[in-house]
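This report concerns one protein model. Please consult the sequence and the structure shown here.

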Amino acid sequence: MNIQKWFKQGALAAVSALALISSVAAHAEDKFIVVQSTTSTQNSGLYEYLLPLFKKDTGIDVHVVAVGTGQAIKNAEKCDGDVLLVHAKAAELKFLETGYGVKRTDLMYNDFIIVGPKSDPAGINGMTDAAKALQTIASKKAIFASRGDDSGTNKKEMALWKIAGIDVKAESGKWYRETGSGMGATLNTGIGMNAYVLTDRATWINFKNKGSYEVVVQGDKDLFNQYGVTLINKDKCPMVKADLGQTFIDWLLSPKGQKIIDGYKINGQQLFFANAPKQ
């Protein structure tokens, strides 16, 4: 009888231990969030630098889905993710209006630039008016490689073509080429076809395959590039990890997080400039 009791107690203890291990494992697996973000922030190397520091402070893993801003917003509207971090303010505000976002906050900025070959077939090197540079590219039918993917960069590019008064859709497949891909891939494609490319500066600084390419147009106020961060609304998407997502946002917006963003540099060049409202 004592032996049976001993075995029974041992079995119960084993079951309890397994339940505890299972609970701890499940909790550990749950301590991560999904951030819908952009290829530009990914290609810049920012997340490789920043996310390990966030995990060290909080124990929370961050899984980044890096796509164009338009696709990132669509993914968030399908409740795929916890946080949205993109760079197309008008589209972000519309996301809020639909009720899928809780609050959007400015996080950081840099700028867009136009890069091209040193041979500069359109003769735009040194220009500071982006729209005029695009008019010149169009008039000379110099090849231009566009992301064509409804990303934040593509939205900015289309706005600039509109200012320039150029209907690029009518030129699609001629001198105007759409890659339908991310920033790094579009740069690679553009360089391969000797094309001009609009890119965010951070991706360009971190880009390894520059070849003979250089920055040819910069400094226009219309090339300003603002990033924002938004918590996906748990009321619309019940599976959102609102507490963990808000922890990530609060960390990014905190003085420490802002300092870390400012501290990301490559060869002494700062890639992003933190500009969240003072906490």
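Predicted model: local features only at pLDDT ≥ 70, side-chain atom pairs only at ≥ 80, totals over all residues.

Residues are numbered from 1 along each chain as its sequence is written, and side-chain values use heavy atoms, with hydrogens and water left out.

The secondary structure comprises eleven helices and twelve strands, taken as DSSP runs (helices H or I, at least four residues; strands E, at least two) numbered from the N terminus. Of the 279 residues, 46% count as buried, that is, under 20% relative accessible area with a 1.4 Å probe, protein chains only.

Ser-37 lies in strand β1 (residues 32-38). Ser-37 counts as buried because its relative accessibility is 0%. Its side chain takes part in the polar contacts tabulated here (a pair of N or O atoms within 3.5 Å, one able to donate a hydrogen and the other to accept it; residues adjacent in sequence count only if both atoms are side-chain atoms).

| Side-chain pair | Distance |
|---|---|
| Ser-37 and Thr-41 | 3.0 Å |
| Ser-37 and Tyr-47 | 2.5 Å |

Leaving aside residues up to four places away in sequence, Ser-37 touches Tyr-47, Val-64, Val-65, Ala-66, Val-67, Ala-72, Leu-85 and Val-86, where contact means heavy atoms within 4.5 Å. Among contacts in the protein between residues at least 6 apart in sequence, those joining residues at least 24 apart make up 75%.

Definitions and conventions
Buried < 20%, exposed > 50% of the residue type's maximum accessible area, 1.4 Å probe, protein only.
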